Amino acid sequence: MRAQAAAACPCGRPELARCCGPYLADFDGCPAPDAEALMRSRYSAFVLEDAGYLLATWHASTRPRELTFEAGLKWLGLEVRDARQQDADHAEVEFVARSRLAGRGQRLHERSRFVREGGRWYYLDGNLK
């Protein structure tokens, strides 16, 4: 009997358990090591509708009070186009996230800014392209 295949990570990598899963499961004990890993885990959190993780990883200066998810939105994939660390505590990640709502395809193309405080990366904001 063949072993059951491991679940793919929503961010597009082969295994959730070896990619975004540890960050999503243990925010306090397992912070994302860099801005790209945080961005990937945030995409996965959007797919899994994990508002708690998204809010916890959003910088306090730009964090919304609450987060809701659009009913019927289906995330289709993530492409990381660029990831740059500008200095020890600032980074940018450019990505395209594809989704579908009511049968219509959509693309979110953003250059996101991240900041590291207290050894932990946070999403600050982003510019849509």
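In which loop is Ala102 found? Select β2 (90–101) and β3 (104–117): Ala102 is in the loop between these two strands.

This is a predicted model, in which local features need pLDDT of at least 70, side-chain atom pairs count only at pLDDT 80 or more, and totals for chains, interfaces and linings use all residues. Residues are numbered from 1 along each chain as its sequence is written, and side-chain values use heavy atoms, with hydrogens and water left out.

Stay on Ala102. Its phi is near 55°, a positive value in a residue other than glycine. Most residues other than glycine have a negative phi. Ala102 counts as exposed because its relative accessibility is 74%; buried means under 20% relative accessible area, exposed over 50% and partly exposed in between, with a 1.4 Å probe and protein chains only.

Next, select Glu49, in the loop between α2 (35–48) and α3 (51–56). Phi of Glu49 is also near 55°, again positive in a residue other than glycine. Glu49 has 47% relative accessibility, so it counts as partly exposed.

Now show the whole chain as a cartoon. The protein has 3 helices and 4 strands, in the order α-α-α-β-β-β-β from the N terminus. Helices (H or I, at least four residues) and strands (E, at least two) are DSSP runs, numbered from the N terminus.

Finally, colour by burial: buried residues make up 39% of the 129 residues. The C-alpha atoms fill a box of roughly 45 × 35 × 30 Å, taken along the principal axes.
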